[in-house]
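Dear colleague,

Please find below the structure that I am handing over to you. My findings follow directly after it.

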Amino acid sequence: MVKQEDDFKKVISHAKEYGYVFQSSEIYDGLSAVYDYAQNGAELKKNIREYWWKAMVQMNDNIVGLDSAILMHPTVWKASGHVDAFNDPLIDNKDSKKRYRADVLVEDYTAKIEAKIDKEVAKAHKRFGDSFDKKQFLETNPRVVGYQEQITTILKRLGKSLEKEDLVDVKNLIEELEIACPVSGSRNWTDVKQFNLMFGTKLGASADSAMNLYLRPETAQGIFVNFLNVQKTGRMKIPFGIAQVGKAFRNEIVARQFIFRQREFEQMEMQFFIRPGSQKEWYETWKEKRMAWHLSLGLGAENYRFHDHEKLAHYADAAADIEFKFPFGFKELEGIHSRTDFDLGSHEKFSGKKLQYFDPELNESYVPYVVETSIGLDRMFLAVFSNSLVEEELENNTTRTVLKLPAVLAPNKAAVFPLVKKDGLPELAQEIIDDLKWDFNVVYDEKDAVGRRYRRQDANGTPFCITVDHQSLEDNTVTIRHRDTMEQQRVAIADVKSIIHKEVDMKTWLQRML
Ligand code: GAP
């Protein structure tokens, strides 16, 4: 994986150069923290979405899908608590006039301590070689233990202050840690203030009667307000889930790190409705299931960890993140939240409508509790993409850039090349494509030497290259080359489809969750 923060730039430029992600409105110098997914990016995103949807909806007979509107009645956001509590603490530097999220400044500070721990680990690893026991080292090395304690103390205090909305203490913490503005280098800070993240808009043409609306900051509320509709029309029995993928919008203060934190992004959320009292058990179950989904993609178990929340959102009685090791360190990829009956209970109050479930086994009605899993599709894209981008040293002292995307997610599954642009080879290549395209996205490439074409497809993330040569005309065989191993095999054209299918079949990948 590309590790160094500097190399994050390589990830961003690779995403642009190979048609994955572009800055929105680029010809007008772009719009900050808004991105467009290009020809390959749109496919990768679609495949991740499908991988999630299949695991959630298709593989669970008690989970169904939903596609609710982005615009919702404004009272939804009053009931959900977003109007009053969906705030970020912001702080301005008086010299640079730059605005920061106060909690992010502190977290960046602890990330630097974490980097020191990583350095100590790398040093010790070098010193002890194969006999190095990382777990033991982390638990016993006095310097590392000290760093770890420092991080825990800082984050605990930050969590507590945010939970109590003690913004004075958040500023005190920033001052005590002597955090300076990355731009001006000064510690000349304003007070910390709360800033609501919802985008407002208006419904209706006339200024007097227009209704103030919000663009949804999470997809979850579309699920809550449809809970009874789905339960009744689908004759769903508790426990059951409703899953949805869709756009969400947040006026993020700190909008950097590429597609990690955007103002318009996509969420894949699932609300699991359960009996009150069973939330602990379901919370643990969903933590486990979601981690299994991640691990099935083979990005490396060492790149994931759970992080229990110190500061709980206004709706939760327990919450954990699945963090992923992005090029800029471990950061939240997915949240698993035990949301109690907060949302449904609150919508009951605000709408005056009962949102209860009659449990035939208990012979009673109640407002169900909810365990939610919520993952950002764009963050998952970044996790997969950055983890897959590799610079490989080859035996002949050259390097190749290869995007080792999990084959199941790759935008194009194969590229077909005629060795030369004559003698009927392009026609045969096209015939092969015409057959394969019913099953997979396949591209044709006839430009440059075959070696150059291989490199191009490596950088594009295409798992297979198929070369048609003169022998193909005689015996109906082709060369198939595997992206990761660079191995080449001579195979019958008739077998190409099944060879590709074996590697990219979603079922095979999803079965690794079990
Ligand atoms: N319904 C719960 C909820 O929205 P969240 O932790 O605020 O919880 C869930 O968001 C996930 O959405 C995050 O784990 C992250 O992957 C993604 N996400 C949140 N804000 C984002 C942003 N500004 N840009 C991209 N992804 C974001």
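Tyr100 is buried, since its relative accessible area is 12% (buried means under 20% relative accessible area, with a 1.4 Å probe and protein chains only). Trp189 likewise counts as buried, at 3% relative accessibility. The model is a predicted one, in which local features need pLDDT of at least 70 and side-chain atom pairs pLDDT 80 or more, while totals for chains, interfaces and linings use all residues. Residues are numbered from 1 along each chain as its sequence is written, and side-chain values use heavy atoms, leaving out hydrogens and water.

A search of the whole structure finds 25 aromatic pairs (rings of Phe, Tyr and Trp, the latter by its six-membered ring, with centres within 6.5 Å; planes under 30 degrees apart are stacked, over 60 edge-to-face, the rest tilted). The rings of Tyr100 and Trp189 have centres 5.8 Å apart and planes at 85 degrees, so this pair is edge-to-face. The two residues are 89 residues apart: Tyr100 is in strand 5 (residues 99-101), and Trp189 is in the loop between helix 8 (167-176) and strand 6 (193-196). Helices (H or I, at least four residues) and strands (E, at least two) are DSSP runs, numbered from the N terminus.

Two charges sit over rings (NZ of Lys or CZ of Arg within 6 Å of the ring centre and within 35 degrees of the ring normal). Lys287 lies over the face of Phe306, at 4.9 Å from the ring centre, and Arg481 over that of Tyr454, at 4.4 Å.

Yours sincerely

Key:
Buried < 20%, exposed > 50% of the residue type's maximum accessible area, 1.4 Å probe, protein only.
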